[in-house]
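Okay, thanks for coming, everyone. Let me put the structure up, and then we'll walk through a few spots together.

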Amino acid sequence: MRAVRVDEFGGPEVLVVREVPAPVPGPGQVLVEVSGVNIIYLDTLIRSGLAEDHFPVTPPYVPGGGVSGRVVEVGPGTDPAWLGAQVVGETGEPDTADDRARLPVDGYAERAVVHEDALVRVPEGMNTADALALMIDGATALTLERAARFTPDSWVLVLAATGGAGSLVVQLARLAGARVIGAARGPEKLALARELGAEETVDYSEPGWTKRVTEITGKGADVVVDGAGGALGTAAFALTADGGRFVSYGTASGEFAEVDEAEAERRGITALGLFDLDPPDGAGHRDLVRLILEEARAGHVRPHVGLTLPLERAAEAHAALEGRRVLGKVLLVP
């Protein structure tokens, strides 16, 4: 079968389609004929070798963490009712003793193994691409919502407001009655942020954006949700109102935001990073996926898929993400 393989860390050009052995589902697993592949910014960091400290991966490997598609085979002890189902799920490695196990086969492929306990059926009447776009970023957005504690009429500043998770955070904050400032780069992204529910927008590629946030809020944002990280996230921390909440999860700038812990304590700011976040009410990832899919089916939130490319153009997809040229989600289609 065809899969995108990374033989060495590097730029987008190291993503090359190869013929690799098809994975075989083991006990408690299914084989999915992939209809769509989810791409997240973390994939680009892993591919470049910049995420080894937190996500150790050794080439050669097939990237990807989530797929949509049809279940075409079930492994031993797996519920046969999954056969033929349209699903989304996080990928896993084949449980084999031969050489195939040396090459992790994940999402960027024509077929992928998914553990049964990671599968979620696509709700009746829902577009499979929308379900895939919501699978990882939707679960993240619900976790961010819990950490942020949006309240009516509070000011919420969302950095990377048109990214996969950020675009959903904007919508969830609006559903809670908050007043949202969407921060992004360029007029197209700002227009999308307003379409998704942002009351105000700021372009953080232009000087004076932090002053504009202060002018809008008067005292700073009650909640900052930072999907950018780096210098942008650090600047946004300073915009958090005394007694507010700063929730940072993104590294779109290449690194996490730096938070002055002493300053946070002095000003009564609750500062949470990616690894401090807990899912709502102890829910597992599968529960969060089901919940966000139901929210979407009810019309409360919607994903924005900005780019869909064939498997052979995975390098182009990564380059577009890294170049900040995409509004919303990027998907691959085998």
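So, ground rules for the names: helices (H or I, at least four residues) and strands (E, at least two) are DSSP runs, numbered from the N terminus. This is a predicted model, so local features need pLDDT of at least 70 and side-chain atom pairs count only at pLDDT 80 or more, while totals for chains, interfaces and linings use all residues. Residues are numbered from 1 along each chain as its sequence is written, and side-chain values use heavy atoms, with hydrogens and water left out.

Let's start with the second largest pocket. By pocket I mean this: on a 1 Å grid over the protein atoms alone, an open set of points where a 1.4 Å probe fits, with protein on both sides within 12 Å along at least five of seven lines; lining residues have an atom within 4 Å of a point. Which elements each supply at least two residues of its lining? Strand E11 (240–248), helix H7 (261–266) and strand E12 (270–272) do. Among the lining residues are Phe246, Phe256, Glu261 and Asp276. By class we get eight nonpolar, two polar and two charged, where Ala, Val, Leu, Ile, Met, Phe, Trp, Tyr, Cys and Pro are nonpolar, Asp, Glu, Lys and Arg are charged, and the others, Gly among them, are polar. The space in there is about 160 Å³, taken as what probe spheres set on the points fill, with grid points joined across faces, edges and corners.

Sitting in the loop between H7 and E12 is Arg267. Buried or exposed? Arg267 is buried, at 14% relative accessible area; the cut-offs are under 20% for buried, over 50% for exposed and partly exposed in between, with a 1.4 Å probe and protein chains only. Leaving out residues up to four places away in sequence, Arg267 touches Phe237, Ala238, Thr240, Ala241, Asp242 and Gly243, and contact here means heavy atoms within 4.5 Å.

Next, helix packing. Helix H2 (residues 128–148) packs on helix H8 (residues 285–297) at about 110 degrees, axes 8 Å apart. Axes are lines fitted to C-alpha atoms, for helices over the stretch in contact, and angles run from 0 to 180 degrees between N-to-C directions. The pair is therefore roughly perpendicular, the label for 65 to 115 degrees. That contact has twelve nonpolar, three polar and no charged residues.

Helix H1 (residues 41–48) and helix H9 (residues 314–322) come in at about 105 degrees, with axes 10 Å apart, so H1 is roughly perpendicular to H9 too. Tyr41, Asp43, Thr44 and Arg47 of H1 meet His318, Leu321 and Glu322 of H9. This contact has two nonpolar, two polar and three charged residues.

Now a couple of strands. Leu331, in strand E14 (residues 329–333), is buried at 4%. Its C-alpha is 6.5 Å from that of Leu309, 22 residues away along the chain. Thr308, in strand E13 (residues 305–310), is partly exposed at 45%. Beyond four places in sequence, Thr308 contacts Leu331 and Val333.

The peptide bond from Pro59 to Pro60 is cis, omega near 0 degrees, and Pro60 is in the loop between H1 and strand E4 (67–74). Asp153, not a glycine, has a positive phi of about 70 degrees and is exposed at 60%. Ala160 has a positive phi of about 60 degrees, but Ala160 is buried at 16%.

Conventions:
Angles under 35 degrees count as roughly parallel, over 145 as roughly antiparallel, 65 to 115 as roughly perpendicular and the rest as oblique.
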